[in-house]
Amino acid sequence: NFSAPMYHNLSADAYLESSNPNIIHVKKDGTTYDDFFKTLPMKLSGQCLITGTGQTFCTNDNETLKFYLNGRRADDLLEKEIQENDQVLISFGPVEDSDIESQLNQIPSP
C-alpha cells in the first residue's frame with residue numbers, strides 16, 4: 001500500500017502520485033523496478049522487504065517473498081525495465097501459497 005505521503009513524488013525519473021499511488025510514473029527510459037524501489041523509503045531485495053514503517057518480511061523456511069509481473073512469477077522482477085501497463089504483485093506468505101490467484105485478481109487495472 002503506497003497511499004502514505006512518504007512514498008509520493010520522490011524521484012524525477014520514476015515516482016508515485018498521491019492521486020493514484022497504484023501507478024508508477026516513469027520519465028526515464030530504461031528505469032528498472034530496482035531503480036524505482038531504491039527511490040522509496042524502504043528496502044527491497046529478492047529475499048527481504050523492509051517497509052517504510054520498519055516492518056520486515058524475509059524469506060525463511062516457512063514463508064517466502066514472491067514477485068509476479070503481469071500474472072507470472074518473476075523472481076528477477078527487480079532487474080526488469082518498467083513497461084507501460086505492467087501489473088506487479090509482491091507477496092509474502094507460505095512457500096506454497098494457494099491464495100496467489102486471488103491476490104493477482106485484486107490488482108487494479110492500469
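**A walk from pocket to salt bridges**

The largest pocket is lined by 41 residues, and those nearest its centre are F2, P21, N22, I24 and V88. A pocket here is an open set of points on a 1 Å grid over the protein atoms alone, where a 1.4 Å probe fits and protein lies on both sides within 12 Å along at least five of seven lines; lining residues have an atom within 4 Å of a point. This is a predicted model: local features need pLDDT of at least 70, side-chain atom pairs count only at pLDDT 80 or more, and totals for chains, interfaces and linings use all residues. Residues are numbered from 1 along each chain as its sequence is written, and side-chain values use heavy atoms, without hydrogens and water.

The volume of the largest pocket is about 1,200 Å³, taken as the space filled by probe spheres set on the points, which are joined across faces, edges and corners. Strand β2 gives the most to the lining: seven residues. Strands and helices are DSSP runs numbered from the N terminus (strands: E, at least two residues; helices: H or I, at least four).

Now look at P21. It sits in strand β2, residues 20-26. P21 counts as buried because its relative accessibility is 16%. The cut-offs are under 20% relative accessible area for buried and over 50% for exposed, with partly exposed in between (1.4 Å probe, protein chains only). Leaving aside residues up to four places away in sequence, P21 touches F2, S3, H8 and L16. Touching, or contact, means heavy atoms within 4.5 Å.

Next comes the largest nonpolar core, with 17 residues. Y33, F36, F37, L40, M42, L44 and L77 have the most contacts inside it. β1 (14-17), α1 (33-38) and β6 (63-69) each supply at least two residues of this core. Such a core is a set of buried Ala, Val, Leu, Ile, Met, Phe, Trp, Tyr and Cys residues joined through side-chain atoms within 4.5 Å.

Finish with charge. Side chains of opposite charge can pair when their charged atoms come close. The whole structure has three salt bridges, each a side-chain nitrogen of Lys or Arg within 4 Å of a carboxyl oxygen of Asp or Glu. D34 pairs with K38, their closest N and O atoms 3.1 Å apart. These two are four residues apart in helix α1, so about one helical turn separates them. R73 and D75 meet at 2.9 Å, N to O. D75 is exposed, at 55%, while R73 is partly exposed, at 43%. D76 and K80 meet at 3.7 Å, N to O.
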